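Good morning, colleagues. I would ask you to look at the structure on the screen while I speak about its metal sites and salt bridges.

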Amino acid sequence: MTTEVIWYGHAAIGIKTAGKFILVDPYFTGNPQASAKAEDLSPDYILVTHGHGDHLGDTLAIAKRTGATVVSNTEISQWLGKKDIKTHGQQVMGGFQHPFGYLKLTLALHGSVLPDGAFGGNPVGLLLTTQDHKKIYLAGDTGLFGDMKLIGEEGIDLAMLPIGGNYTMDPDDALRAVKMINPKLVVPIHFNTFDVIKQDPNLWAERVKAETKSEVRVLKPGESITL
Ligand code: NI
Ligand code: MN
């Protein structure tokens with residue numbers, strides 16, 4: 001059994017594991033980096049880290065069309081539930097065994113408002129343990145926080161971290177995050193989509209190589225990793 005992780009650009013990610021297709025933060029419409037179209041993807045599950053438009057993205061349209069179950073915090077789940085979307089609500093540091101793996105919502109230092117101004121609960125990161133025991137940490141939008149060390153203690157195979165700055169960790173803080181998490185492999189995301197988050201991911205990758213034991217890969221939108 002293998003797990004495939006696809007980066008569609010910005011923070012939109014696909015995971016194929018245990019015969020399921022999972023979309024994370026499916027921002028395709030209006031995403032200048034998007035390597036796929038929302039209407040071409042039919043996930044079984046959609047995971048949403050927080051309410052911002054560049055993460056909630058096309059969740060409503062995709063879930064309505066496919067009947068996918070949306071997993072998010074309880075506030076976003078309730079908001080989607082009122083729109084007749086199938087949901088599963090969890091809370092920060094709460095874990096649940098889904099058919100695709102064990103999903104824990106992690107702390108994220110950020111905001112979370114929904115498109116209509118409704119409160120989107122606490123923003124979260126995602127810590128997924130696949131059925132074949134791979135640990136994937138998708139940090140979501142977050143600043144650096146010391147408890148990333150606790151996440152690292154679980155033994156992370158793949159971490160996908162924002163490096164864009166302004167809304168999230170910048171390259172310096174993302175490098176400090178790698179040192180705390182110690183992932184086998186790290187992939188930078190959430191950069192260059194907009195002018196305010198312009199960064200050089202290759203320069204960052206060189207620093208990761210020089211200063212940590214983690215492998216690093218800079219993906220182009222549409223590229224994937226097999227674990
Ligand atoms: Ni955000
Ligand atoms: Mn964002």
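His 110 is partly exposed, with a relative accessible area of 24%; here buried means under 20% relative accessible area, exposed over 50%, and partly exposed in between, with a 1.4 Å probe and protein chains only. His 50, by contrast, is buried at 0%.

Before I continue, please note that this is a predicted model, in which local features need pLDDT of at least 70 and side-chain atom pairs count only at pLDDT 80 or more, while totals for chains, interfaces and linings use all residues. Residues are numbered from 1 along each chain as its sequence is written, chains are lettered from A and ligands numbered from 1 in the order in which they are written, and side-chain values use heavy atoms, with hydrogens and water left out.

Which residues coordinate the nickel ion (ligand 1)? They are His 50 through NE2, His 52 through ND1, His 110 through NE2 and Asp 141 through OD, at 2.2 to 2.3 Å. Donors are N, O and S atoms within 2.8 Å of the metal, or 3.2 Å for Na, K and Ca; water is not among the atoms, so sites may look incomplete.

Why is the arrangement around the nickel ion (ligand 1) irregular? The 4 donor atoms subtend angles of 88 to 178°, which makes it so. As to the cut-offs, four donors count as tetrahedral if all angles lie between 85 and 135 degrees; four count as square planar and six as octahedral if opposite donors are over 155 degrees apart and all others between 65 and 115; anything else is irregular.

Along the sequence, the nickel donors follow the spacing H-x1-H-x57-H-x30-D. His 50 sits in the loop between β4 (45-47) and α1 (53-56), and His 110 in the loop between β8 (101-107) and β9 (124-130), so this pair ties together parts that are 60 residues apart in sequence. Helices (H or I, at least four residues) and strands (E, at least two) are DSSP runs, numbered from the N terminus.

Asp 141 bridges the manganese ion (ligand 2) and the nickel ion (ligand 1), which lie 3.3 Å apart. His 55 belongs to helix α1 and Asp 141 to the loop between β10 (135-138) and α4 (148-152), so the two tie together parts that are 86 residues apart in sequence. Both His 55 and Asp 141 are buried.

Finally, the salt bridges. How many does a search of the whole structure find? There are 7, a salt bridge being a side-chain nitrogen of Lys or Arg within 4 Å of a carboxyl oxygen of Asp or Glu.

In one of them, Lys 104 pairs with Glu 154, the closest N and O atoms being 2.7 Å apart. Lys 104 lies in strand β8 and Glu 154 in the loop between α4 and β11 (158-162), so parts 50 residues apart in sequence are tied together. Lys 104 counts as buried at 19% relative accessibility, whereas Glu 154, at 28%, counts as partly exposed.

Another joins Asp 173 and Arg 176, at 3.1 Å from N to O. Both residues lie in helix α5 (residues 171-181), 3 residues apart, about one turn of the helix.
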